[in-house]
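Please look at the sequence and the model before reading on.

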Amino acid sequence: MDIEVGIQEEDMEGSWTLLSWLASCVMVFGGSLPYVPQYQEIQRSSITEGFSTCVCLLLLIANILRIFFWIGKQFELTLLLQSVVMIITMLAMLHLCCNIQHTNRVSTKQRHFTDLDLRYFWSWSAFEDYLLFCFAFTVLCAFLTLLLLDSVLFVEGLGSLAMLFDAILGVPQLLQNFHNHSTRGMSVKMVLLWTAGDIFKTAYFVMNDSPFQFWVCGAVQILIDVAILLQVLYYGQDIGVKLG
């Protein structure tokens, strides 16, 4: 009897380990999955106006900050890997948008990061300018972290800022839709996957006792996702077509 109980406990432990591993994989790659249909939509239509690249800006800042937050306060390695994957994904989105905009550009006027013109911030002409911004921001964060690593207030501030930028990532898309009075060019699949992912990761944060910044961020994201889906209904686009 004791042997049978031991075998059952081992089976349950093995199953739980497998589920935990699968959940971690979903956390690492699941955050980037919503951008696959949006990437395909931009490739198909050769139009970038329906997608706000400021989403990329917020996610790049949020995940760079989160990496330095991890240096000051080690949390799950899963969330660190998620940040690395998300940074790569956002750079891929920006690279595509820059290529499409370069192809469609009528004006020969070039805008670059090194111009230091705030009027054209995040509206630069070349992908290299976005890479340069990321490099400069990373160097600044590294310098401040090295200087203030022993400060609990600074480290917690990094985490809170990272979660703030992550929480409001849907806001630029919300504003873009409002400005365009349309959701055309935005992938509804992306927003549906945002919503599903945000619900999953918020539950993951709560169950794994992650820092409170993470689950508050998830809750705010869910509300923004719902608001964008309501825009889809309000502007009356053909949802069947948008879902492909």
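In what follows, Ala, Val, Leu, Ile, Met, Phe, Trp, Tyr, Cys and Pro count as nonpolar, Asp, Glu, Lys and Arg as charged, and the others, Gly among them, as polar. The model is predicted: local features need pLDDT of at least 70, side-chain atom pairs count only at pLDDT 80 or more, and totals for chains, interfaces and linings use all residues. Residues are numbered from 1 along each chain as its sequence is written, and side-chain values use heavy atoms, with hydrogens and water left out.

**Largest pocket**

- The largest pocket has a volume of about 430 Å³.
- A pocket is an open set of points, on a 1 Å grid over the protein atoms alone, where a 1.4 Å probe fits, with protein on both sides within 12 Å along at least five of seven lines; lining residues have an atom within 4 Å of a point.
- The volume is the space filled by probe spheres set on the points, which are joined across faces, edges and corners.
- Of its 23 lining residues, T48, E49, Q101, W122 and S123 are the closest to the centre.
- The lining consists of 11 nonpolar, eight polar and four charged residues.
- Helix α4 gives the largest share of this lining, with five residues.

**Helix packing**

- Helices (H or I, at least four residues) are DSSP runs, numbered from the N terminus.
- Axes are lines fitted to C-alpha atoms over the stretch in contact, and angles run from 0 to 180 degrees between N-to-C directions.
- The axes of α4 (residues 77-104) and α5 come within 9 Å and cross at roughly 150°, so α4 is roughly antiparallel to α5 (over 145 degrees).
- L91, L94, H95 and C98 of α4 meet F127, Y130, L131 and C134 of α5 in this contact (heavy atoms within 4.5 Å).
- Seven of these contact residues are nonpolar, one is polar and none is charged.
- The axes of α2 (residues 35-45) and α8 (residues 188-207) come within 7 Å and cross at roughly 170°, and these helices are therefore roughly antiparallel to each other.
- Y35, P37 and Q38 of α2 make the contact with K189, M190, L193 and W194 of α8.

**Confidence**

- pLDDT is the predictor's confidence in each residue, from 0 to 100.
- The protein chain has a mean pLDDT of 85, and 89% of its residues reach 70 or more.
- Over residues 240-244 the pLDDT is below 50.
- Where pLDDT is low, the predicted coordinates should not be read in detail.

Notes: Helices (H or I, at least four residues) and strands (E, at least two) are DSSP runs, numbered from the N terminus. Angles under 35 degrees count as roughly parallel, over 145 as roughly antiparallel, 65 to 115 as roughly perpendicular and the rest as oblique.
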